[in-house]
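Please read them with the structure open beside you.

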Amino acid sequence: MKKCAKVWFFCNMTKYKGEKIKKVSPTIIYHLENQSYFHSSFVVFSVGYETLENFIYFCMSKNNKKMDSPFWQADIETMKESDLRKFQTEKLREAMSQASHAPFYKKLFKEKGISADTIQTCDDLSKLPFTMKDDLRSNYPYGMTAIPLQRCVRLHSSSGTTGNPTVVLHSQRDIDLWANQVARCMYMVGLRNTDVFQNTSGYGMFTGGLGFQYGAEKLGALTVPAAAGNSKRQIRFIMDFGTTALHIIPSYATRLAEVFHEMNIDPRTDTNLRVFCMGAEPHSEEQRRRVEQLLGVKAYNCFGMSEMNGPGVAFECTEQNGLHVWEDYVIPEIIDPDTLQPVPDGETGELVLTSLQREAMPLIRFRTHDLTRFLQGDCPCGRTHRRIDRLKGRSDDMIILKGVNIFPIQIETVLMSFKELGGEYLITLETVGNNDEMLIEVELSNLFTDDYSALEQLRKKIVRQLKDELLITPRLKLVSKGSLLVSEGKAVRVKDLRKY
Ligand code: COA
Ligand code: AMP
Ligand code: ZN
């Protein structure tokens with residue numbers, strides 16, 4: 001490591017022109033030692049910067065981010081816990097004031113007699129009511145919006161035509177902050193502006209599309225917005241453009257490996273692939289290792305949901321030991337889904353998130369229904385933001401198939417709109433070859449014929465409607481009345497036989 005007198009002089013200073021300078025962390029010292037642009041004239045600029053880290057960050061951005069620091073925003077990522085809580089309290093009060101402009105929260109806060117003043121410390125968060133997915137549905141489309149529509153620049157919405165979908169709106173500032181959040185995640189796992197990043201997520205309403213797109217552009221990577229499907233074309237892009245990183249869902253990663261094999265290409269030796277940002281559906285450690293081995297990459301778990309922007313809420317660092325939740329963007333809580341009380345530290349429960357910086361649609365104590373736990377101890381990477389364990393499933397009946405969220409009620413609503421069908425049905429999720437699939441078996445009503453071509457026509461019509469509703473294509477089997485095994489008590493409608 002090269003040593004520089006100026007650096008040591010600077011690092012050992014506790015005051016400059018009467019201004020206190022924060023003690024310099026080892027990472028920053030390392031960083032300073034490696035900055036060729038660091039010279040004494042910068043000392044002048046440093047006055048007025050709250051911490052030395054802030055100043056270094058300023059220097060880095062002035063120099064188009066030299067991209068050799070381990071941190072995208074060192075000051076924020078390594079913030080002392082007490083400072084982080086102070087920051088959150090301040091932002092939470094702002095989020096409460098902002099939320100009170102939305103018709104939904106305005107009414108709710110009035111009913112409950114709460115306001116920004118209810119918050120004195122982060123612990124006061126527990127005094128606030130929860131927000132549910134159903135609140136978004138019943139306030140469809142704009143009842144959760146806290147700014148005039150003309151200031152909103154983007155809307156993302158869930159699938160479905162049968163009930164009210166959910167809608168999330170963003171201002172330009174929200175989009176910029178989200179892009180920064182995703183860029184920070186990508187930088188954390190070693191991606192730089194020299195990388196070629198290909199996104200295999202659906203674009204359009206799926207936040208994994210535009211969310212990663214804007215994040216990767218902010219990072220400065222060369223982006224390939226390939227979108228979902230057409231594996232041979234994906235592979236052609238990977239080969240021709242020298243793709244080094246993919247955003248991919250785990251079940252699709254194994255399908256891609258299969259197509260590589262069919263094309264006689266070894267992704268481990270014949271491509272530049274090195275990093276996968278992998279999420280959007282639950283997966284096990286074994287599945288991650290399998291993907292890493294098959295494709296010769298490091299795969300990092302990325303987590304998010306449309307209600308909290310999308311990808312970037314929490315992300316693994318290179319230690320691969322849990323996902324850092326960006327606590328300057330959200331306050332995470334973990335509650336028991338039955339009692340709604342916080343679970344003891346380290347125990348599994350439902351993740352609840354409060355957005356801290358969103359202006360178009362702030363969400364207070366949003367119940368995600370995702371099950372996880374806080375991991376204990378400090379992360380060796382030096383980031384102070386808490387880590388959650390890989391997601392263990394959901395506390396509701398939402399299914400995630402091929403990265404698409406599906407509620408069984410959506411399927412039931414479509415099926416029940418056909419008078420030719422009876423009341424019993426069974427949904428089986430299975431892995432066929434390397435593809436995850438949904439098989440729906442549904443019984444015919446007494447009234448219906450056994451004419452094969454009429455049945456086939458009916459089957460196709462139902463599949464088309466299901467595809468419109470769900471965005472994936474299920475396999476559908478029409479069975480005779482009474483042939484489905486009806487479970488005793490509460491009907492079991494979904495069997496998940498997928499291999500994780
Ligand atoms: N991502 C990318 N491609 C996928 C995929 C996924 N999650 N799941 C399947 N595919 C591929 C299939 O492998 C197939 O391509 P191939 O035969 O060339 O290998 C192609 O998409 C069509 O798949 P199929 O299963 O026949 O279609 P479907 O109608 O059931 O599903 C999709 C259609 C894939 C377009 C739909 O599931 C989708 O958009 N998934 C992506 C969702 C997403 O991006 N989620 C992220 C949210 S953050
Ligand atoms: P969407 O709003 O469509 O982006 O879907 C968000 C949901 O996808 C989350 O609430 C989770 O249930 C699931 N999800 C996203 N990322 C992951 C991940 N890394 N692991 C497990 N589930 C995930
Ligand atoms: Zn870490």
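1. Terms first. Two residues are in contact if their C-beta atoms, placed from the backbone, lie within 7 Å. Helices (H or I, at least four residues) and strands (E, at least two) are DSSP runs, numbered from the N terminus. A residue is buried if 20 or more other C-beta atoms lie within 10 Å of its own, exposed if 12 or fewer, and partly exposed in between.

2. Source of the model. This is a predicted model: local features need pLDDT of at least 70, side-chain atom pairs count only at pLDDT 80 or more, and totals for chains, interfaces and linings use all residues. Residues are numbered from 1 along each chain as its sequence is written, while chains are lettered from A and ligands numbered from 1 in the order in which they are written.

3. Overall build. The protein has 16 helices and 21 strands. Of its 500 residues, 39% are buried. Take the contacts with a separation of 6 or more: 66% of them join residues 24 or more positions apart.

4. Helix 6. This helix covers residues 81-99. Its 19 residues should span 27 Å at 1.5 Å a residue, and its end C-alpha atoms are 26 Å apart, which agrees. The expected span is 1.5 Å times one less than the number of residues. Which residues of helix 6 are buried? They are Gln-88, Lys-91, Leu-92, Ala-95, Met-96, Gln-98 and Ala-99. These cover an arc of only 150° around the axis, which puts them on the same side of helix 6. The arc is that of the directions from the helix axis to the C-beta atoms. The buried residues pack against helix 7 (103-112), strand 12 (330-335) and strand 13 (349-355). Ser-82 and Glu-90 are exposed on the face turned away from the buried side.

5. Helix 16. Residues 452-470 form this helix of 19 residues. From first C-alpha to last it reaches 26 Å, close to the 27 Å expected at 1.5 Å a residue. Ile-462, Leu-466 and Leu-470 are its buried residues. Seen down the axis of helix 16, they fall within an arc of 55°, so they line one face. An α-helix has 3.6 residues a turn, so residues three or four places apart point the same way. What covers the buried residues of helix 16? The cover includes strand 17 (404-406), helix 15 (408-416) and strand 20 (475-479). On the other side, Ser-453, Ala-454, Glu-456, Gln-457, Lys-460, Lys-461 and Arg-464 are exposed. Leu-471 follows the helix, with a positive phi near 80°.

6. Ligand 1. There are 23 residues around ligand 1. Gly-208, Ala-228, Gly-229, Ser-231 and Gly-403 come nearest. A residue is near a molecule if its C-beta atom, placed from the backbone, lies within 6 Å of it. Helix 10 (207-219) and helix 12 (250-262) are the elements that give two or more residues to this shell. Helix 12 gives the largest share, three residues. By class, the shell has ten nonpolar, eleven polar and two charged residues. Ala, Val, Leu, Ile, Met, Phe, Trp, Tyr, Cys and Pro count as nonpolar, Asp, Glu, Lys and Arg as charged, and the others, Gly among them, as polar. Where does ligand 1 lie? Domain 2 (72-396) and domain 3 (401-496) both give residues to its shell, so ligand 1 lies between them. The domain bounds come from an automatic or database domain assignment.

7. Ligand 2. Here 18 residues form the surroundings, and the closest are Gly-279, Phe-303, Met-305, Ser-306 and Leu-391. Strand 9 (298-304) and strand 14 (366-372) each supply at least two residues of the shell. The largest share, four residues, comes from strand 9. The shell has seven nonpolar, eight polar and three charged residues.

8. Backbone points to check. The peptide bond from Tyr-140 to Pro-141 is cis, with omega near -5°. Pro-141 sits in the loop between helix 8 (133-138) and strand 3 (152-157). Asn-230 has a positive phi, near 55°, and belongs to the loop between strand 6 (222-224) and helix 11 (231-241). His-369, in strand 14, also is not a glycine, yet its phi is positive at about 70°. His-369 counts as partly exposed because it has 18 C-beta neighbours inside 10 Å.
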